[in-house]
Amino acid sequence: MTATTQHNRWVPYAFLAPFLVILVIFIAYPLYHSVVLSMKQTFGPSRSAFVGLENFRFLASDPLFWKALKNTTYFAAGSVLIQLPVSLGLALLLNRPDVRGRAVFRLIFFSPSLVGLVFVAMMFSLIFEKNTGLVNVLLHDMSPAFDPEFPWLQQYVMPTLVIAALWIYGGFNMIYFLAALQNVDKQLIEAAMVDGANAWQRFLHVTIPAIRPIATFIVLLSLIGSFQLFDLPYVLLSGAGPDNQGLTVVMYLFQMGWDQQDLGLASAIGWSLAMLLGIFALIYRWLSRASED
């Protein structure tokens, strides 16, 4: 074997080396260290004691963790079952060629996603305020029987967060659906019309199968983003809210890791969340394949 041939054998590894070094330093090692850390009880960054799976046993019996998981699941369900149909409906409307000013409306619906979440949280804290909030004032003007002291941020925390997220991300997801709708084969739609299919039948049997890959991606993206919810309720409620009604899993992780200085328990919470999202992804993938078959 010549020296040139031996040199050429090492060329691919030389190109891969920077990526592999970055992968090991910034991804593989932190993941390994977080697994080890999840099996320790820490007292700040300098003191720790190995406890095995005790952190995970604690989470399984901690009512605060289950409340955080319940709240986060509520928000995720609202994001998928309310936000995505609204986004799809907007995309279907703005995909119609007979709608004038479609570009302007697309910009209007998409623009909330360009605003920072901290600003949105502060804005919605004023919108849902008692007595002087915009929502209560409008509802009271429309129906004087409506109580202007309706406690949105005190007793209806999760519905408020779902509404705020709908305003932020509805237009963002609309863009994905709009791109998918524009790639639907027009010849299939025309063939369905010739066969006598009405608008609902064309949507159900032509449009839905065509946009299913993008819809699957949007659902998974919404689920992952919903279970990572932190900054919106933290700023909107100045914490977890009354009786921890706005407590999410990531907020609970933040409290354990930052306030309690138990980085081991925080790592266990993070891995529990990662495993839960992995299970959701596998279940949803299985359901998607079953529906395709």
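**Exercise 1.** In which helix does Phe65 lie? Determine also whether Phe65 is buried or exposed, and list its contacts.

*Solution.* The model is a predicted one.
Step 1: Phe65 belongs to helix α3, which covers residues 63-94.
Step 2: The relative accessibility of Phe65 is 9%. Buried means under 20% relative accessible area, so Phe65 counts as buried.
Step 3: When neighbours within four places in sequence are left aside, Phe65 is in contact with Leu59, Tyr252 and Ile269.
Step 4: Phe65 and Leu247 are 182 residues apart along the chain, and their C-alpha atoms are separated by 9.0 Å.

**Exercise 2.** Is Ser34 buried or exposed, and which residues does Ser34 touch?

*Solution.* 
Step 1: Ser34 is part of helix α1, residues 3-37.
Step 2: The relative accessible area of Ser34 is 18%. The limit for a buried residue is under 20%, and therefore Ser34 is classed as buried.
Step 3: Not counting residues up to four places away in sequence, Ser34 touches Ser267 and Trp271.

**Exercise 3.** Locate Pro85 and classify its accessibility.

*Solution.* 
Step 1: Pro85 is found in helix α3.
Step 2: Its relative accessible area is 44%.

**Exercise 4.** For Asn244 and Gln261, state the value of phi and the loop in which each residue lies.

*Solution.* 
Step 1: Phi of Asn244 is near 55°, a positive value in a residue other than glycine. Phi of Gln261 is near 60°, again positive in a residue other than glycine.
Step 2: Asn244 lies in the loop between α11 (231-236) and α12 (249-259). Gln261 lies in the loop between α12 and α13 (263-292).
Step 3: Asn244 has a relative accessibility of 25% and counts as partly exposed. Gln261, at 33%, is partly exposed.

**Exercise 5.** Compare the span of α8 with the expected value, and find where α8 bends.

*Solution.* 
Step 1: Helix α8 has 26 residues. From its first C-alpha to its last, α8 reaches 37 Å.
Step 2: At 1.5 Å a residue, 38 Å is expected, and the span of α8 is close to that value.
Step 3: The helix α8 bends by about 40° at Tyr169.

**Exercise 6.** What is the volume of the largest pocket, and which residues lie nearest its centre?

*Solution.* 
Step 1: The largest pocket has a volume of about 560 Å³.
Step 2: Its lining consists of 15 residues, and those nearest the centre are Leu92, Asn95, Ile189, Arg202 and Thr207.
Step 3: The elements giving two or more residues to this lining are α8 (157-182), α9 (186-194) and α10 (199-227).
Step 4: By type, the lining divides into eight nonpolar, three polar and four charged residues.

Note on methods:
Residues numbered from 1 in each chain as written. Predicted model: local features only at pLDDT ≥ 70, side-chain atom pairs only at ≥ 80, totals over all residues. Heavy atoms only, no water. 1 Å grid on protein atoms, 1.4 Å probe; cavity = no way out; pocket = protein on both sides within 12 Å on 5 of 7 lines; lining within 4 Å. Points joined across faces, edges and corners; volume = space filled by probe spheres on them. Helix = DSSP H or I, 4+ residues; strand = E, 2+ residues; numbered from the N terminus. Nonpolar A, V, L, I, M, F, W, Y, C, P; charged D, E, K, R; others polar. Expected span 1.5 Å × (residues − 1). Bend = angle between axes of the 7 residues up to and from the residue. Buried < 20%, exposed > 50% of the residue type's maximum accessible area, 1.4 Å probe, protein only. Contact = heavy atoms within 4.5 Å.
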